Amino acid sequence: MKYTLSVLAVIVAICFTAWRVVQSQDLDSSTESVNESQITVAEYNWEGNAKQISLADLKAAIEKLPPHRQEKYGDRTSKAEYLDELIAEKLKLLAAIEREFDKDEEFLKKAEDYKHQLMVERLTENEVDNKISYTEEDIKQYYETNKSEYIEEPEVQATCIALLDEDRAQEVLEEIKAGKDIVAAAKELWEVGELEGPGVNEEEPGRTRFFSRDEANEWKELIDTLFEMEIGEMTQEVFETDIRDKTHFMIFSKRDHRPERQKELDEVRNRVERQVEREKKRQRITEWVKAFTTEGKLKTFPERIPEPQPDEESEEETSPATEEAAEEKSEDM
């Protein structure tokens with residue numbers, strides 16, 4: 001607790017006293033003509049040691065951010081805001097060092113593992129990513145060979161009225177049978193807030209999206225029924241289905257049907273190109289691994305890996321001697 005309070009005291013002191021953003025010095029690009037490393041934009045003390053952050057330090061920190069974050073810090077005000085974040089990170093790092101986390105063996109092992117991971121990633125980038133290429137012919141060939149992966153499943157669309165009140169649904173169905181247009185009925189129900197389910201559509205109340213047969217499991221009964229209907233055909237009875245904890249009472253007509261369709265290459269080009277790239281990388285990795293394992297005369301001896309031994313405690317628990325001892329103890333009791 002003493003350590004925590006001292007750290008908090010330092011942070012509070014920095015926030016209100018020792019911290020000083022130099023107001024007389026601009027943080028925008030107008031200072032680029034001077035030596036930015038000599039311009040102090042913040043200063044603070046840690047355990048009696050004075051520390052400073054220069055304008056060059058601040059700009060370097062911002063340049064390390066992802067591009068979308070760098071865009072947020074384009075003017076003086078936003079740079080000053082990021083300065084708060086930067087000093088907070090520096091304080092956390094100093095506090096961590098003070099607790100000797102930089103000497104913790106478990107932490108150092110993780111840091112070493114992460115360094116190795118980064119090294120392998122860099123090596124892979126150099127030996128795989130930078131050494132593959134593919135042509136338009138490769139893309140076309142992959143598409144032709146794997147056309148079955150790019151088939152658009154048949155889909156159906158409905159005009160759907162779903163209500164939570166069975167009597168109200170029956171009343172609406174009778175109105176439609178008497179000549180009222182189902183689209184007009186859906187619009188009226190939308191306007192009074194009664195419309196539920198897949199027909200909720202602000203642009204055109206009642207119109208659902210297109211459904212394929214194997215999607216939207218919760219509306220499976222509706223979708224299966226639509227696939228069996230003809231375009232323009234409407235349910236003649238209120239269709240009841242349970243969705244989660246609600247019972248929906250539905251009236252719907254089949255609005256449209258899209259048959260199965262083979263997608264053209266231009267429609268799936270990005271997907272195909274990604275697959276071609278993956279294939280090329282896999283091929284390159286196989287060649288690369290084979291090359292350095294051959295060069296290194298790699299040998300493996302999996303037969304030398306011992307089989308795990310049975311748990312001795314489990315054997316004792318299930319052995320006849322153990323069972324007999326347990327029975328004797330039970331009789332004594």
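**Sheet, hairpin and ring pairs in a predicted model**

The protein has twelve helices and eight strands, where helices (H or I, at least four residues) and strands (E, at least two) are DSSP runs numbered from the N terminus. This is a predicted model, in which local features need pLDDT of at least 70 and side-chain atom pairs count only at pLDDT 80 or more, while totals for chains, interfaces and linings use all residues. Residues are numbered from 1 along each chain as its sequence is written, and side-chain values use heavy atoms, with hydrogens and water left out.

Some overall figures come before the details. Of the 333 residues in the protein, 27% are buried; buried stands for under 20% relative accessible area, exposed for over 50%, and partly exposed for anything in between (1.4 Å probe, protein chains only). The protein exposes about 23,300 Å², with carbon and sulfur atoms supplying 48% of that area. These areas come from the Shrake-Rupley method with a 1.4 Å probe, and for residues only the protein chains shown count as cover. As for contacts (heavy atoms within 4.5 Å), 63% of those in the protein with a separation of 6 or more are between residues 24 or more positions apart.

Next comes a sheet of four strands. It is open, runs in the order β5-β4-β7-β6, and its pairing is antiparallel; two strands pair if DSSP finds at least two bridges between them. At the edges are β5 (211–212) and β6, each of which pairs on one side only. Strand β4 (residues 155–163) runs antiparallel to β5, and two bridges join them. Helix α7 (residues 166–177) touches β4, β6 and β7, and its direction makes about 35° with that of β7. Helix α9 (residues 220–228) touches β4, β5, β6 and β7, and its direction also makes about 35° with that of β7. For these angles, axes are lines fitted to C-alpha atoms, for helices over the stretch in contact, and the angles run from 0 to 180 degrees between N-to-C directions.

Now for the rings. A search of the whole structure turns up four aromatic pairs. Rings of Phe, Tyr and Trp (its six-membered ring) pair if their centres lie within 6.5 Å, and planes under 30 degrees apart count as stacked, over 60 as edge-to-face and the rest as tilted. Y143 and Y150 make a stacked pair, at 6.1 Å centre to centre and 25° between the planes, and both Y143 and Y150 are buried. F239 and F252 are edge-to-face, because their ring centres are 5.3 Å apart and their planes stand at 75°. This pair links distant parts of the chain: F239 is in strand β6 (residues 239–243) and F252 in strand β7 (residues 246–258), 13 residues apart. F239 is buried at a relative accessible area of 17%, and F252 is buried at 0%.

Two arginines also meet rings. A charge sits over a ring if NZ of Lys or CZ of Arg is within 6 Å of the ring centre and within 35 degrees of the ring normal. The charged end of R258 sits over the ring of F210, 3.5 Å from its centre, and that of R304 sits over the ring of F301, 3.9 Å from the centre.

Another antiparallel pairing joins strand β1 (residues 40–46) to β2, over six bridges. Within it, A42 has I53 of β2 as its bridge partner. The hairpin of β1 and β2 has two residues between the strands, and there E47 takes a positive phi near 55°. S54 belongs to strand β2 (residues 49–54) and is buried, with a relative accessible area of 9%. Leaving aside neighbours within four places in sequence, S54 is in contact with E36, S37, I39, T40 and V41.

R244, in the loop between β6 and β7, has a positive phi of about 55° although it is not a glycine; R244 counts as exposed, at 71% relative accessibility. K297 lies in the loop between α10 (265–295) and α11 (312–318). Phi of K297 is positive, near 50°, in a residue other than glycine, and K297 is exposed, with a relative accessible area of 69%. G74 is in the loop between α3 (67–70) and α4 (76–98) and counts as exposed at 57% relative accessibility. C-alpha to C-alpha, G74 and I62 are 9.7 Å apart in space, and they are twelve residues apart in sequence.
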